[in-house]
Amino acid sequence: MAKRKSRISLRSGSEVDGLREAGRFAADVLNSACDAVRSGVTTGEIDQIAARAIAKLGCKSAFLGYRSYPGNICISVNEEVVHGIGGTRVLKDGDIVKIDVGVSTPKGWIGDNAKSVAVGELSSSAESLLAATEASLYAAIAAARQGVLLSVVCSAVEGFVSPRGYSVVREFVGHGVGRKLHEEPQVPNYWEVDSMRARGFANPRLEAGMVLAIEPMVNAGGPEICILDDQWTVITRDQSLSAHFEHTVLITDQEAEILTPRERSFTAPAA
Ligand code: MF3
Ligand code: CO
């Protein structure tokens with residue numbers, strides 16, 4: 001098969017500065033939104049808190065209006081995997097809330113990041129899922145450097161979570177980020193040669209200057225998902241709990257630089 005010329009942008013200089021700023025803003029807004037998560041708050045209120053934080057930074061939501069997406073951020077609860085829309089749902093103790101924030105700066109650069117948090121106490125089974133999902137993100141980031149095949153990064157996610165009995169969502173993937181929210185390449189959280197070929201996923205070697213959003217979506221039960229009638233909210237078909245963590249990272253000839261810096265939520269589970 002003829003190799004298509006890669007259209008993956010390589011960022012340098014002021015472009016990287018612009019992406020760093022966008023990433024920092026996205027991380028700040030994610031933190032503010034997560035700080036607002038508590039029992040009795042509605043998901044719509046969290047969306048509004050994030051909208052105000054984005055506006056205060058002089059930025060715009062990178063999600064609002066994207067393919068007609070109606071929210072400022074994504075808020076997905078429990079069996080909801082990703083793309084939940086803030087509304088009248090009232091959060092309660094024990095809920096697991098996934099918040100995903102993308103911002104676009106006045107200079108036109110985008111930062112995209114997500115994490116999963118608990119309302120009140122975490123059950124030990126939920127904590128294990130969240131800790132493994134976050135650790136799978138860091139495992140993928142640790143693998144991501146110049147010269148490495150993209151498939152190695154993608155496989156790192158599934159390689160981390162599947163021995164622990166969790167499964168990786170296949171229908172949704174990470175992506176390149178730049179002036180657009182979704183750029184090449186697609187960054188799945190697994191790699192199977194045949195299915196990737198069928199879906200037209202490229203497997204380039206990473207180069208310094210590539211900017212990727214890596215975003216494991218990991219289910220406690222099976223990998224299958226459904227989409228709700230709102231056309232957006234993705235849920236696990238078996239209604240099992242799902243977790244999501246995301247960073248935007250810059251590939252270098254050393255360790256990847258996390259452009260959306262935040263504290264780690266969990267200590268890495270033992271190998
Ligand atoms: N982080 C997700 C993604 O990059 C969020 C997109 S929500 C959407 O796909 F509304 F913008 F689609
Ligand atoms: Co993303």
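On a 1 Å grid over the protein atoms alone, a cavity is a set of points where a 1.4 Å probe fits but cannot get out. A volume is the space filled by probe spheres set on the points, which are joined across faces, edges and corners. The structure holds one cavity of 30 Å³ or more.

This is a predicted model, where local features need pLDDT of at least 70, side-chain atom pairs count only at pLDDT 80 or more, and totals for chains, interfaces and linings use all residues. Residues are numbered from 1 along each chain as its sequence is written, and side-chain values use heavy atoms, leaving out hydrogens and water.

The largest cavity has about 50 Å³ of space. The lining divides into four nonpolar, three polar and three charged residues. Here Asp, Glu, Lys and Arg count as charged; Ala, Val, Leu, Ile, Met, Phe, Trp, Tyr, Cys and Pro as nonpolar; the others, Gly among them, as polar.

Now the ligand. Ligand 1 is surrounded by 13 residues, each with a heavy atom within 4 Å of it. The closest are Tyr69, Asp100, Asp112, His175 and His182. By class, this shell has six nonpolar, three polar and four charged residues.

The table gives polar contacts, pairs of N or O atoms within 3.5 Å.

| Side chain (N or O atom) | Atom of ligand 1 | Distance |
|---|---|---|
| Aspartate 100 | nitrogen | 2.6 Å |
| Aspartate 112 | oxygen | 3.0 Å |
| Histidine 175 | oxygen | 2.7 Å |

The protein covers 96% of the 330 Å² of accessible area (Shrake-Rupley method, 1.4 Å probe) that ligand 1 has on its own.

Key. Chains lettered and ligands numbered in written order. 1 Å grid on protein atoms, 1.4 Å probe; cavity = no way out; pocket = protein on both sides within 12 Å on 5 of 7 lines; lining within 4 Å. Polar contact = N/O pair within 3.5 Å; in protein donor to acceptor, adjacent residues only side chain to side chain.
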